[in-house]
Amino acid sequence: MSSNPNAPPINPLPPAVILLALPIVLAELVLAAGAQGFVGGAEGVGWRLMALQEYAFFGPVFDLMLEAWQWPLEHVARFVTYPFVHVGFTHMIMVLVFLLALGKMVGEVFGSLAVFVIFFASAILGALVFAIVTDDPSPLAGGYPAVYGLIGAFTFIMWVRIGAVGGPQHQAFYLIGALLFIQLI
């Protein structure tokens with residue numbers, strides 16, 4: 001129990017983390033409510049599919065843009081919109097957990113601007129790698145590529161901290177190893 005009577009009941013989050021988490025949560029609430037028929041009537045059931053079609057990143061569309069060297073804004077925007085649309089509630093919750101926990105740590109160390117830069121740079125890089133490395137016609141959706149950037153930033157923070165006290169810096173990479181193991185399972 002805290003001896004500070006003025007301690008906030010919830011740990012404060014950097015503004016960037018809140019600004020990134022809100023659209024993720026709000027989008028999922030609307031899509032889940034539509035899927036259950038609470039809003040949108042019969043059309044609400046298909047909102048998730050429509051959201052994926054409008055905002056997810058498609059590698060084949062990128063390939064066509066690259067071939068024609070034409071960059072319509074509606075498709076270029078997908079580089080930064082796909083992290084906000086998820087394929088389901090569990091998908092969104094896992095991304096949100098990583099965003100809140102790691103975003104808080106990264107934001108406290110590097111600041112809110114760095115959280116935005118890391119989040120969106122990782123999302124863009126993730127989409128580029130997805131389009132270039134795979135020929136997968138299915139969409140890239142959800143915030144995993146973006147929060148993996150935050151995992152990298154967190155690992156860097158831990159690597160520096162462990163090195164500052166003379167500890168074994170390889171321990172900083174345990175989180176990445178554990179996440180890789182979980183994803184393989």
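Modeller: Let me begin with Trp69, which sits in the loop between helix H4 (59-68) and helix H5 (73-76). Bear in mind that this is a predicted model.

Biologist: Is Trp69 buried or exposed?

Modeller: Trp69 is exposed, with a relative accessible area of 61%. The cut-off for exposed is over 50%.

Biologist: What about the phi of Trp69?

Modeller: Trp69 has a positive phi of about 50°, and it is not a glycine. Most residues other than glycine have a negative phi.

Biologist: OK, zoom out. How many helices and strands does the protein chain have?

Modeller: The protein chain has 10 helices and 0 strands. In sequence order the pattern reads α-α-α-α-α-α-α-α-α-α.

Biologist: What box do the C-alpha atoms fill?

Modeller: Roughly 55 × 40 × 35 Å, taken along the principal axes.

Biologist: And how many of the residues are buried, as a percentage?

Modeller: Buried residues account for 37% of the 185 residues in the protein chain.

Biologist: What about contacts between residues at least 6 apart in sequence?

Modeller: Of those contacts in the protein chain, 72% join residues at least 24 apart.

Biologist: Switching to charges. How many salt bridges does a search of the whole structure find?

Modeller: The search finds 2 salt bridges. In one of them Arg48 pairs with Glu28, and the closest N and O atoms are 2.7 Å apart. That pair links distant parts of the chain, as Arg48 is in helix H3 (residues 47-55) and Glu28 is in helix H1 (residues 15-35), 20 residues apart.

Biologist: Are Arg48 and Glu28 buried or exposed?

Modeller: Arg48 counts as buried because its relative accessibility is 15%, and the cut-off is under 20%. Glu28 is buried too, with a relative accessible area of 2%.

Biologist: Which side chains meet in the salt bridge at 2.3 Å?

Modeller: Those of Glu108 and Lys104, with the distance taken N to O. Both residues belong to helix H7 (residues 89-110), and because they are 4 residues apart, about one helical turn separates them. Lys104 has a relative accessible area of 18%, so it is buried.

Biologist: Since we are at H7, how does it pack with H8?

Modeller: H7 and helix H8 (residues 112-133) pack at an angle of about 130°, and their axes are 7 Å apart. H7 is therefore oblique to H8. The crossing of H7 and H8 is right-handed.

Biologist: Which residues meet there, H7 against H8?

Modeller: From H7 there are Leu99, Gly103, Val106, Gly107 and Phe110, and from H8 there are Ser112, Ala114, Val115, Ile118 and Phe119. Sorted by class, the contact of H7 with H8 has 7 nonpolar, 3 polar and no charged residues.

Biologist: And at what angle do H4 and H8 pack?

Modeller: At about 85°, with the axes of H4 and H8 9 Å apart. That angle is why H4 counts as roughly perpendicular to H8. H4 contributes Gly59, Phe62 and Asp63 to the contact, while H8 contributes Leu128, Phe130, Ala131 and Ile132. By class, the contact of H4 with H8 has 5 nonpolar, 1 polar and 1 charged residues.

Biologist: New topic. Where does Leu140 lie?

Modeller: Leu140 is in the loop between H8 and helix H9 (144-164). Its relative accessibility is 12%, so Leu140 counts as buried.

Biologist: What does Leu140 touch?

Modeller: Leaving out residues up to four places away in sequence, Leu140 touches Ala56, Phe57, Tyr82, Gly126, Ala127, Phe130 and Pro145.

Biologist: How many Å apart are Leu140 and Val160?

Modeller: C-alpha to C-alpha, Leu140 and Val160 are 33 Å apart in space, and 20 residues apart in sequence.

Biologist: How many residues separate Val147 and Phe84?

Modeller: They are 63 residues apart in sequence, with 12 Å between their C-alpha atoms.

How values were computed
Residues are numbered from 1 along each chain as its sequence is written. This is a predicted model: local features need pLDDT of at least 70, side-chain atom pairs count only at pLDDT 80 or more; totals for chains, interfaces and linings use all residues. Side-chain values use heavy atoms; hydrogens and water are left out. A salt bridge is a side-chain nitrogen of Lys or Arg within 4 Å of a carboxyl oxygen of Asp or Glu. Helices (H or I, at least four residues) and strands (E, at least two) are DSSP runs, numbered from the N terminus. Buried means under 20% relative accessible area, exposed over 50%, partly exposed in between (1.4 Å probe, protein chains only). Axes are lines fitted to C-alpha atoms, for helices over the stretch in contact, and angles run from 0 to 180 degrees between N-to-C directions. Angles under 35 degrees count as roughly parallel, over 145 as roughly antiparallel, 65 to 115 as roughly perpendicular and the rest as oblique. A crossing is left-handed if the near helix is turned anticlockwise from the far one by less than a right angle, and right-handed if clockwise. Contact means heavy atoms within 4.5 Å. Ala, Val, Leu, Ile, Met, Phe, Trp, Tyr, Cys and Pro count as nonpolar, Asp, Glu, Lys and Arg as charged, and the others, Gly among them, as polar.
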